[in-house]
Amino acid sequence: MKLLYVTDIHGIEWKHNKIFEIASSSKMDVVINGGDMLPFKGNLLHQDKFITGFLDKYFSRFESKGIYFLGLLGNDDLGIFDDLFQKTCDKYSYVVNIAQTRFQIESSKYEFIGMNWVTDLPFGLKDRVRKDTKDFKHPKQIGKQYLSTLNGFKKLEDWLSYTETLPTIEDELRNLVRPFNMSNTIYIIHNPPANLDLDITHDGQKVGSKAEYEFLKENQPKLSIHGHIHESPGISGRWYSHLGKTICIQPGQSQQHENLLHYVLVDLETMNIERKVIERNT
């Protein structure tokens with residue numbers, strides 16, 4: 001089985017379209033989008049228009065080619081549109097919202113499990129944010145913190161206290177659906193794990209999840225694929241790492257150069273893995 005993995009393309013239509021073209025021409029079995037697939041520029045409250053407009057038609061192209069599309073929304077994709085995203089995915093038999101669920105393609109031995117909670121960073125939107133572990137130390141916050149609602153954004157007056165009422169990433173992983181065969185399982189987790197140099201920000205901070213690292217180390221799935229920290233591969237020079245028998249992948253994505261697209265091709269039988277970087281119009 002051959003899969004194409006991409007993440008953090010934030011509603012840039014040419015990147016979405018290019019991924020479909022590559023998947024179709026290369027006869028991929030599965031395309032996985034690891035989160036933050038909706039536009040981040042402009043009014044975030046209009047992300048629903050991208051789902052009902054662009055994504056709906058986009059998903060129909062995968063359906064017509066018989067290519068599976070597994071995706072989840074990321075921390076910059078508003079939580080108020082989760083139901084709309086689910087409803088749109090449900091229109092197609094080859095499209096799956098993989099967030100907090102398990103999927104296995106018929107006649108395939110491979111299982112896919114997704115999770116889109118992230119550890120806290122200083123930015124304002126907190127829809128999908130959790131403490132990593134009970135003793136997690138929050139970074140210094142920038143500006144106000146808020147959640148999306150159907151009536152606009154709701155300011156959180158005491159974000160740090162509010163997080164104490166939520167499950168941690170460690171809790172979420174513990175409660176996540178379990179696979180039948182861990183050695184044939186691919187985890188799609190938007191946040192990268194700690195300790196593998198897949199989580200380094202532009203200023204050198206390491207912000208990966210310790211809970212994820214321990215979970216992967218203990219359970220040893222076949223593959224885990226991540227994103228979230230766009231710049232990390234360019235800073236650390238690493239886009240994959242081994243954690244025991246598990247291969248962890250973080251292809252990154254260009255923030256400064258929107259004419260560049262980063263993605264990864266994986267052959268699950270041979271475990272040949274390639275990272276690709278292409279320019280627009282190539």
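Which side chain of opposite charge is nearest to Lys222, and how far away is it? In this predicted model, that side chain belongs to Glu269, which is 7.0 Å away, and Lys222 is buried yet has no salt bridge.

- Lys222 sits in the loop between helix 6 (210–219) and strand 12 (223–225).
- Leaving aside residues up to four places away in sequence, Lys222 touches a set of residues that includes Tyr110, Met182, Ser183, Asn184, Lys245, Leu268 and Met271.
- Glu269, although 7.0 Å from Lys222, meets the side chain of Lys109 in a salt bridge with an N to O distance of 3.9 Å.
- This pair links distant parts of the chain, since Lys109 is in the loop between strand 5 (102–104) and strand 6 (111–115), while Glu269 is in the loop between strand 15 (260–267) and strand 16 (272–279), 160 residues apart.
- Lys109 is partly exposed, because its relative accessible area is 44%.

**Other salt bridges**

- Asp82 and Arg128 meet through their side chains in a salt bridge of 2.7 Å, N to O.
- Asp82 lies in helix 3 (residues 82–89) and Arg128 in the loop between strand 7 (118–119) and strand 8 (129–130), so the pair ties together parts that are 46 residues apart in sequence.
- Asp82 is partly exposed, with a relative accessible area of 28%, whereas Arg128 counts as buried at 3% relative accessibility.
- Lys206 forms a salt bridge with Asp197, in which the closest N and O atoms are 3.4 Å apart.
- Lys206 counts as exposed at 58% relative accessibility, while Asp197 counts as partly exposed at 23%.
- Through salt bridges that share partners, Asp197, Lys206 and Arg238 are joined into one network.

**Helix 1 and helix 2**

- The axes of helix 1 (residues 13–25) and helix 2 (residues 47–65) come within 11 Å and cross at roughly 5°, which means that helix 1 is roughly parallel to helix 2.
- Where the two helices meet, helix 1 contributes residues including His16, Ile19 and Phe20, and helix 2 contributes residues including Phe50, Phe54, Tyr58 and Arg61.
- By class, the contact of helix 1 with helix 2 has seven nonpolar, three polar and three charged residues.

**Asp171**

- Asp171 is placed in helix 5 (residues 169–175) and is buried, with a relative accessible area of 16%.
- Asp171 and Lys134 are 37 residues apart in sequence, and their C-alpha atoms are 9.4 Å apart in space.

Conventions:
Residues are numbered from 1 along each chain as its sequence is written. This is a predicted model: local features need pLDDT of at least 70, side-chain atom pairs count only at pLDDT 80 or more; totals for chains, interfaces and linings use all residues. Side-chain values use heavy atoms; hydrogens and water are left out. Axes are lines fitted to C-alpha atoms, for helices over the stretch in contact, and angles run from 0 to 180 degrees between N-to-C directions. Helices (H or I, at least four residues) and strands (E, at least two) are DSSP runs, numbered from the N terminus. Angles under 35 degrees count as roughly parallel, over 145 as roughly antiparallel, 65 to 115 as roughly perpendicular and the rest as oblique. Contact means heavy atoms within 4.5 Å. Ala, Val, Leu, Ile, Met, Phe, Trp, Tyr, Cys and Pro count as nonpolar, Asp, Glu, Lys and Arg as charged, and the others, Gly among them, as polar. Buried means under 20% relative accessible area, exposed over 50%, partly exposed in between (1.4 Å probe, protein chains only). Lys and Arg count as positive and Asp and Glu as negative; His and the chain ends are not counted. A salt bridge is a side-chain nitrogen of Lys or Arg within 4 Å of a carboxyl oxygen of Asp or Glu.
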